[in-house]
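Keep the viewer open as you read.

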Amino acid sequence: MLRYTLSRLTAAVVMAVFATLVIFLIANTVPGDPALAQLGDLAASNPEFLAAFRAKWGLDLPLWERYFIFLKGLLHGDLGISIASQRPVLDDIFSYAPATIELATAGFLLAVVIGVPLGVLAAVRRDTWIDHVARFISLAGVSAPTFWLAFIVLAIFYGGLQIAPGPGRLDTIAFPPTRITGLHLVDSALSGDWSTFIDALAHLVLPSVVLAAATLGLITRTTRASMLESMQQDYVRVARAKGLKERIIVWGHVLPNALIPVVTLGGLAYANLLTGAVMTETIFSWPGLGRYTFRSAAALDFPAIMGITLVVAITYLLINLLIDISYALLDPRVVR
Amino acid sequence: MSAATTVTPVAFEAVPSKRRRWLRRYGLASAGAVIILSWIMVAVLAPVLTWHAPDLVDVTQRLRPPSPSHWLGTDALGRDVFARLLYGSRISLSTGIIVVVLAAAFGTLVGGVAAYARGKIEELIMRITDLVLCFPPIILALAIAAALGIGAVNTIIAMLVVWWPKFARLARSLIIVQRSQEYVEAAVVVGLSPGRILIRHILPNSIGPLIVLVTLDVGNAIITFAGLSFLGLGVVPPTPEWGSMVSEGRELIEQWWVAAFPGLAILTIVVGFNFLGDGIRDWLDPKSRRR
């Protein structure tokens, strides 16, 4: 088990280093010029200005030298300075990450808490109305574009019915809670500020529902298919023959066995939620990594793009590693 | 294990009528095909279906709700939403199909080479696919598209870079299975060249799952392209495109029709491809139909 974990870990680290190279090459061999994107037309028309800007950000050095500098900084935990915000990229990432973590976790929990039982019920009561509803929900969840769904729920519940708060993490007049973890829910609860807690919770509802939709579809689908497969197995017949209650067979015997594909998918979906909240965050003015990524990309702010992509790729690799290890725990045969 | 011995109530059901049987077998795929064909017709016949020009600005008519003269209302520049929606289908359909077909062709080729070459080459190719797959697709595509600059072609290129690895992996695993089959050994013994065996013999036998993935994936590609457009990267502004239409209307909660209809269009076409893909899978793999 330890050897298995170590070999997976080594592979993940090697991949992460290669990932930095890939993102570095993309950032530095494409036609877009960060100097032009940042300076604007007027300043960029002045060659002296342009040269000074290039020298300041090291854009005049040869490619390999810049990569070397980037790697050296990386070893010191330094991801460089964002050209757009003029702050260290790592600081930027730390200040934007909690909003995304809060949103993605809420969305993921929602998707799992609804998706797994729905998938199980759909499989057990196949071809009944529950099954049809579950299939409809998963089809709609997978097919609806996130950015459109975000608009629709905002238009209905905020604009039309006016029962939900608007975009943002808190009301515009509210003060954020004292920063402990950066997660508004946790921070306000820790400092006993319950009105802020409720405000933050209310603001979380719509974006997390939107974010959950696609994942919910996938999880329901996978759980259903995997349950149907597992229910054909011999041990189910044995359990029935022993006279076990159907409820115990389904939730106690079949579900744990059917969970492996769901865990894989769930892990990847969580990674996707963490990193792919770009659309949802854009519409809900959510100050998270997704919006930061988008703004950096639009401004060709390469230190920021590289930093984010690296953090994201490492998160991805880490989650994949956890999935592999959880396989080994769920099914000991994997290690062999 | 042996499913045949499992006694389920289904076995005692009356034999379904001919029509029900047809619906069961082809219903899903036909529904998907009808949706997709309708949208293709719309894309081709757009100038016939509306008398409005998609990019005609008329500030006196801005933000009008749906009415007999503007079926789906007008946007902030007074352009007819219905006309833009019809013309927009051209870009969404063609980009989605182009991305997936090119990615599938390239991915299958690379995966086929990997499966056939084995050894170092296979190792190298598979590590490259792992490398691309360790980035979340939308972030990588966003970075590449931003670096290349706005425009449909650049966005397609960016999507291709992140799109091919899944096809490479699927093709490789399918071809590895086929390689050990007797008919391949026979072909080798007869003295056929590896290229001919791969294209004429192995590929036709493993094409099924590839076709399913291609069909299901066009919907994904359409959503992703629209998403990148929504973020301002896909098409250059006056071009009617669904993602950018939603983006133009995203602040207009009172004038919901500007953003709501193009999004609905994306939803229907993606449902169409999902139906068709699921239908084809049921066809090719009768085991999945029972599920």
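**Starting from one threonine**

T155(B) sits in helix α5 of chain B, which spans residues 152-179; helices (H or I, at least four residues) and strands (E, at least two) are DSSP runs, numbered from the N terminus. Before going further, note that this is a predicted model, in which local features need pLDDT of at least 70 and side-chain atom pairs count only at pLDDT 80 or more, while totals for chains, interfaces and linings use all residues. Residues are numbered from 1 along each chain as its sequence is written, and chains are lettered from A and ligands numbered from 1 in the order in which they are written.

Is T155(B) buried or exposed? T155(B) counts as buried because 25 C-beta neighbours lie inside 10 Å. The cut-offs are these: a residue is buried if 20 or more other C-beta atoms lie within 10 Å of its own, exposed if 12 or fewer, and partly exposed in between, with C-beta atoms placed from the backbone. Leaving aside neighbours within four places in sequence, T155(B) is in contact with A145(B), F225(B), L228(B), L233(B) and G234(B); a contact requires the C-beta atoms of two residues, placed from the backbone, to lie within 7 Å. T155(B) and V99(B) are 56 residues apart along the chain, with 9.7 Å between their C-alpha atoms.

**Two helix pairs**

Two packed helices are described by the angle between their axes and the distance between the axes. In chain B, the axes of α4 (residues 137-148) and α7 (residues 194-230) come within 11 Å and cross at roughly 50 degrees. Here the axes are lines fitted to C-alpha atoms, for helices over the stretch in contact, and angles run from 0 to 180 degrees between N-to-C directions. α4(B) and α7(B) are therefore oblique to each other: angles under 35 degrees count as roughly parallel, over 145 as roughly antiparallel, 65 to 115 as roughly perpendicular and the rest as oblique. The crossing of α4(B) past α7(B) is right-handed; the near helix is turned clockwise from the far one by less than a right angle in a right-handed crossing, and anticlockwise in a left-handed one. On the α4(B) side the contact involves I138(B), A141(B), L142(B) and A145(B), which meet T224(B), G227(B) and L228(B) of α7(B). L142(B) also reaches across to the other chain: leaving out residues up to four places away in sequence, L142(B) touches V278(A), T293(A), F294(A), A297(A), L228(B) and L231(B).

Apart from neighbours within four places in sequence, G141(A) is in contact with A213(A), A214(A), L216(A) and G217(A).

**The chain and its core**

Chain A has 14 helices and zero strands. Of its 336 residues, 41% are buried. Among contacts in chain A between residues at least 6 apart in sequence, 72% join residues at least 24 apart.

The largest nonpolar core has 158 residues, and those with the most contacts inside it are A150(A), A141(B), L142(B), A143(B) and I266(B). Such a core is a set of buried Ala, Val, Leu, Ile, Met, Phe, Trp, Tyr and Cys residues joined through C-beta atoms within 7 Å. Helix α5 of chain A (residues 89-124) gives the most to this core, with 16 residues.

**Where the chains touch**

How many residues of chain A are in contact with chain B? There are 45, and they meet 38 residues of chain B. The largest share of the chain A side, seven residues, comes from α7(A). That side divides into 33 nonpolar, 11 polar and one charged, where Ala, Val, Leu, Ile, Met, Phe, Trp, Tyr, Cys and Pro count as nonpolar, Asp, Glu, Lys and Arg as charged, and the others, Gly among them, as polar.

α6(B) is followed by G191(B), whose phi is positive, near 100 degrees. In chain A, S285(A) lies in the loop between α12 and α13 and counts as exposed, with 12 C-beta neighbours inside 10 Å. S285(A) has a positive phi of about 45 degrees although it is not a glycine.
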